[in-house]
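Have the structure open while you read.

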Amino acid sequence: MNKWIKQALASVVAVSFSVGSVGAFAQEKVYRLKLAETWGANTPILGDASKNMAKLAEEMSNGRLQIRIDSANKHKAPLGVFDMVKSGQYDLGHSASYYWKGKVPNTLYFSAMPFGMMSTEQYAWFYHGGGMELMQEVYAPHNLLSFPGGNSDIQMGGWFQKEIKTIDDLKGLKMRIPGFAGEVMARVGAKPTNIAPGELYTSLERGTIDALEWAGPAFDLRMGFHQIAKYYYTAWQEPGSETQFLVNKRAWDKLPKDLQVILETAFRVAAFDMYTQAIDANANSWATMSQEYPDIQVLEFPPEVRERLNSEKQALLEEYASKDPLAQRIIESQRQYLSKVRSWTEISTKAYLNSN
């Protein structure tokens, strides 16, 4: 009797171990995703965001979520990330939504708006003011999800070969300036263009363009723009420049719920890390630029130039809103939120800075 009992128990243990092993194996399935980014392989801060995100996702998932990153030098289409993720050629992307204005104009509003929200205000709008819901509504018809991908903070107004004294100085000016700001510049007679990051220095050096805006000292110092253009203008066009993580919806739906949560959490943490990294790097790089390159002239656009640019921005918003109900909802959402949050910014951050 004892012999049969022992054999039966041994069989139960064996079956249990076998079932448990199959369950564990199923739970440990590895999901491998591919990400295309707009930036070159060694681009600081912008390129770090994707790497940090992928590392976080792998660690939090205990290796079940693995992400391969292809930089622009690998896939050869820095401004083609939208199409590559939409088609499923890549599962994920890291870029900036205003690069797709020619395909989907309503993506313009989710990177930066001239004279609009600063980084902190913009994040509040995304996560607490309805911005995320509007962004997903814009991308949904294209089989895409979009998440904030890291903010490079307030961006400088650009590098210019000549000083801008009046609005007439912008007429005929060939300038690399993407997004809504490019549309504004076109309305005052400039000739905006969008050039991939790796071609910017050569374009400015050879006179293909007369001016460009890129980001801030942390990005600009490495690019060497100060060597060929001495006028460095302060911000107006991108007070809070947000990048984005794009996700192919079919790839997203194939992930278990826990991995979706892990991926979204990795997006959010990597975005925050990029924002703080940008502030620190800009501070350090500006200290270097201002000390080692004293010929750089930091200038503000004259008040009448800023007023005209802001006026043209408002006129453009009215035009866009009148043609597209979804654009109208996004524009109104941003306008209302900016009015509310800026009242607080005025008596908090701005008041503090003015008092010191």
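What follows covers the pockets, the cavity and a helix contact.

A quick word on the ground rules: this is a predicted model, in which local features need pLDDT of at least 70, side-chain atom pairs count only at pLDDT 80 or more, and totals for chains, interfaces and linings use all residues. Residues are numbered from 1 along each chain as its sequence is written, and side-chain values use heavy atoms, with hydrogens and water left out.

Spaces are found on a 1 Å grid over the protein atoms alone: a cavity is a set of points where a 1.4 Å probe fits but cannot get out, a pocket is an open set with protein on both sides within 12 Å along at least five of seven lines, and lining residues have an atom within 4 Å of a point. Points are joined across faces, edges and corners, and a volume is the space filled by probe spheres set on them.

| Space | Volume | Lining by class |
|---|---|---|
| Largest pocket | about 890 Å³ | 15 nonpolar, 10 polar, 6 charged |
| Second largest pocket | about 280 Å³ | 9 nonpolar, 5 polar, 2 charged |
| Largest cavity | about 100 Å³ | 7 nonpolar, 4 polar, 1 charged |

For those classes, Ala, Val, Leu, Ile, Met, Phe, Trp, Tyr, Cys and Pro are nonpolar, Asp, Glu, Lys and Arg are charged, and the others, Gly among them, are polar.

Start with the largest pocket. Its lining takes in 31 residues, and M118, I154, A235, P239 and L353 lie nearest its centre. Elements giving two or more residues to this lining are α5, α11 and α13 (325-354), with the largest share, 7 residues, coming from α13. Helices here are DSSP runs (H or I, at least four residues), numbered from the N terminus.

The second largest pocket has 16 lining residues, and G40, T43, P197, G198 and M223 sit closest to its centre. Both α3 (72-75) and α9 (217-223) supply at least two residues of that lining; the largest share, 3 residues, is from α9.

Among the residues lining the largest cavity are W39, W214, Y98, Y99 and R176.

Now the helix pair. The axes of α5 (residues 119-128) and α11 (residues 257-292) come within 13 Å and cross at roughly 170°, with axes fitted to C-alpha atoms over the stretch in contact and angles running from 0 to 180 degrees between N-to-C directions. The two helices are therefore roughly antiparallel, a label for angles over 145 degrees. Here S119, T120, Y123 and Y127 of α5 meet R268, A271 and Y275 of α11, where contact means heavy atoms within 4.5 Å. The residues of this contact divide into 4 nonpolar, 2 polar and 1 charged.

Conventions. Angles under 35 degrees count as roughly parallel, over 145 as roughly antiparallel, 65 to 115 as roughly perpendicular and the rest as oblique.
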